[in-house]
Amino acid sequence: MPKIRVLTVDDSALMRQVLAALLAKDPDIDVVGAAPDPFIAREKIKALNPDVLTLDVEMPKMDGLTFLEKLMRGHPMPVVMVSSLTEAGCQTTLRALELGAVDFITKPKIDLREGMDEIAQDLIAKVKAAAAARVRPLSVKREASESVTNGASRGTLHEGRFTNDVSRTAMIKTTDTIIAIGSSTGGTEAVKDVLEVLPPNTPPILITQHMPERFTKTWAERLNSLCRISVKEAEDGDSVLPGHALIAPGNFHMTLVRSGARYTVRLNQDHPVNRHRPSVDVMFASVAQYAGANAIGVILTGMGGDGAKELLTMKQAGAFTIAQDEASCIVFGMPKEAIKAGGVDKVLPLHEIAGSILAHVSH
């Protein structure tokens, strides 16, 4: 197999050196070049034809977002953003994912060389996942997203089908139903596409997306501004309510618990599972235990196998389970492993998942 050709783009010479050194540790990766700004990067992309780009968010001459948008329109390719853990950095990085970046790596706050060594494994994994990702031109991506939103969110669900009557909201059966969604690489946009089309009285939703601290809060606020349901980063002890989605905070596992007829979530910092905290498997296992057949499990795009084992547990407990299909995934890792494990009732393209959830609840 040919090596993965990587071009690093960062205005910091030290950061370019550190990224190149870390990536060079993997025998399957070849760092073919580096650029200090987007203008030089553009010429090097033409000359070197890299498979993956690592791209800094804040750069001189042209910022990373502007360059990314131009790149995804004219020469779409896999991009991993290199971001900082600031509030502005979180917002910018989420915008980069909307524009088509596959994933992101956060810069360490202090001791750059030592900090980067700690994230080397994650960096290498994300570059490899990006090399295998399905990247679409920005215009196509936007049209597809608008088609999902315009085709469903303006209507409501009535007797298992969408209608165009925006003056009424279908009464969906919500008693005891819990929807649990797990995702990773590509998941920020996939989750948005599912949530945007759901009516306000959708059953309660729990979401675990592999993200670092601070990013989950910014992402939740972004989703809340776009959706008709309420979306927030979960806090320990939050009630699980219809019309509300709770997102597991970065660096915390989120589990469902039940006391009588009341559901709440609990957060913990137990050891990572499948290298992740939050872990989809942790959330799915708790939903299988406490919601059983009154649950719907959904596994979306992402690298690795987190969620596959416990989605099967959910199915065995009587839950209805869905996996995103290969064609609509950015990375067909987590859904693929869940399907192989036998834990999936339906394999669906992304734009059909919300409708399938609501149809199942209505019946």
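## The loop between E13 and H10

Arg 275 sits in the loop that runs between E13 and H10. The model is predicted. Arg 275 is not a glycine, yet its phi is positive, at about 75 degrees. Its relative accessible area is 47%, so Arg 275 counts as partly exposed.

Asn 274 belongs to the loop between E13 and H10 as well. Here too phi is positive, about 55 degrees, in a residue that is not a glycine. Asn 274 is partly exposed, with a relative accessible area of 40%.

## A cis peptide bond

Which form does the peptide bond from Arg 277 to Pro 278 take? The bond is cis, and its omega is near 15 degrees. Pro 278 lies in the loop between strand E13 (262-268) and helix H10 (280-290).

## An aromatic pair

Searching the whole structure gives 1 aromatic pair. Its members are Phe 104 and Phe 215, with ring centres 4.5 Å apart. Their planes meet at 35 degrees, so the pair is tilted. Stacked pairs need planes under 30 degrees apart, and edge-to-face pairs need over 60.

The pair links distant parts of the chain. Phe 104 is in strand E5 (residues 103-106), while Phe 215 is in helix H9 (residues 215-226). The two are 111 residues apart.

## Surroundings of the pair

Are Phe 104 and Phe 215 buried or exposed? Both are buried. Phe 104 also has a charged neighbour: Lys 126 lies over the face of its ring. The distance from Lys 126 to the ring centre of Phe 104 is 5.3 Å.

Definitions and conventions: Residues numbered from 1 in each chain as written. Predicted model: local features only at pLDDT ≥ 70, side-chain atom pairs only at ≥ 80, totals over all residues. Heavy atoms only, no water. Phe/Tyr/Trp six-rings, centres within 6.5 Å; stacked < 30°, edge-to-face > 60°. Helix = DSSP H or I, 4+ residues; strand = E, 2+ residues; numbered from the N terminus. Buried < 20%, exposed > 50% of the residue type's maximum accessible area, 1.4 Å probe, protein only. Lys NZ or Arg CZ within 6 Å of the ring centre and 35° of its normal.
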